[in-house]
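Hi there,

Here is the structure I promised to pass on to you. Have a look at it first, and then read on for what turned up in it.

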Amino acid sequence: MPRHSSERAARMRFEARAILQAIANDNKTPIRDIVGRYNDANLVALRVQFMKRAKALGMGSVTIGRIINRSHGTVLYHLNGWRDAKYAAAKARAEARCGG
């Protein structure tokens, strides 16, 4: 069984590299900037794009985080950000209904 899991891991690494390369090429940004330390809004958007595409391939948050040098919590935060927006919208509607 370990043989199969190592083959799957190698395939995932290859696919992750291909995704990063495609994002880098499309946005004329070096991969080292995407996985680097800076938190410029454009770089964060590229990382989130990578996170979503990698998650769609079945990668876990820990694996995705390791690839782009971020914690799995950061990955979960960005992948589940829509929940925060949905909650904020619901809270605003409730406050509008209640008058405060």
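**A glycine and its contacts**

Setting aside residues up to four places away in sequence, G65 touches R70, S71 and V75. You will find G65 in helix 4, which covers residues 61–67. Is G65 buried or exposed? Its relative accessibility is 0%, so G65 counts as buried.

**The whole chain**

Please keep in mind that this is a predicted model. The chain's mean pLDDT is 86, and 87% of its residues reach 70 or more. Among the elements, helix 2 has the highest mean pLDDT, at 95, while helix 6 (residues 81–98) has the lowest, at 70. Where pLDDT is low, the predicted coordinates should not be read in detail.

Of the chain's 100 residues, 26% count as buried. Among contacts between residues at least 6 apart in sequence, 46% join residues at least 24 apart.

**The nonpolar core**

Which residues touch the most other members of the largest nonpolar core? They are L20, F50, I64 and I68, and this core has 19 residues. Helix 1 (2–27), helix 2 (31–34), helix 3 and helix 5 each supply at least two residues of the core. The largest share comes from helix 1, with six residues.

Not counting residues up to four places away in sequence, I68 touches L20, V35, R47, F50 and M51. The C-alpha atom of I68 is separated by 9.9 Å from that of D33, and these two residues are 35 apart along the chain. D33 is found in helix 2 and is partly exposed, with a relative accessible area of 31%. Leaving aside neighbours within four places in sequence, D33 is in contact with L43 and R47.

Next, turn to helix 3 (residues 41–56) and helix 5 (residues 72–79). Their axes come within 10 Å and cross at roughly 90°. Helix 3 and helix 5 are therefore roughly perpendicular to each other. Which residues meet there? From helix 3 there are V44, V48, M51, K52 and K55, and from helix 5 there are V75, H78 and L79. By class, this contact has five nonpolar, one polar and two charged residues.

**Two loop residues with positive phi**

Finally, have a look at two of the loops. K28 sits in the loop between helix 1 and helix 2. K28 is not a glycine, yet its phi is positive, at about 50°. K28 is also exposed, with a relative accessible area of 75%. N69 is in the loop between helix 4 and helix 5, and its phi is near 60°, a positive value in a residue other than glycine.

Enjoy exploring, and write back with any questions.

Best wishes

Technical notes:
Residues numbered from 1 in each chain as written. Predicted model: local features only at pLDDT ≥ 70, side-chain atom pairs only at ≥ 80, totals over all residues. Heavy atoms only, no water. Axes fitted to C-alpha atoms, helices over the stretch in contact; angles between N-to-C directions. Helix = DSSP H or I, 4+ residues; strand = E, 2+ residues; numbered from the N terminus. Parallel < 35°, antiparallel > 145°, perpendicular 65-115°, else oblique. Contact = heavy atoms within 4.5 Å. Nonpolar A, V, L, I, M, F, W, Y, C, P; charged D, E, K, R; others polar. Core = buried A, V, L, I, M, F, W, Y, C linked by side-chain atoms within 4.5 Å. Buried < 20%, exposed > 50% of the residue type's maximum accessible area, 1.4 Å probe, protein only. pLDDT = per-residue confidence, 0-100.
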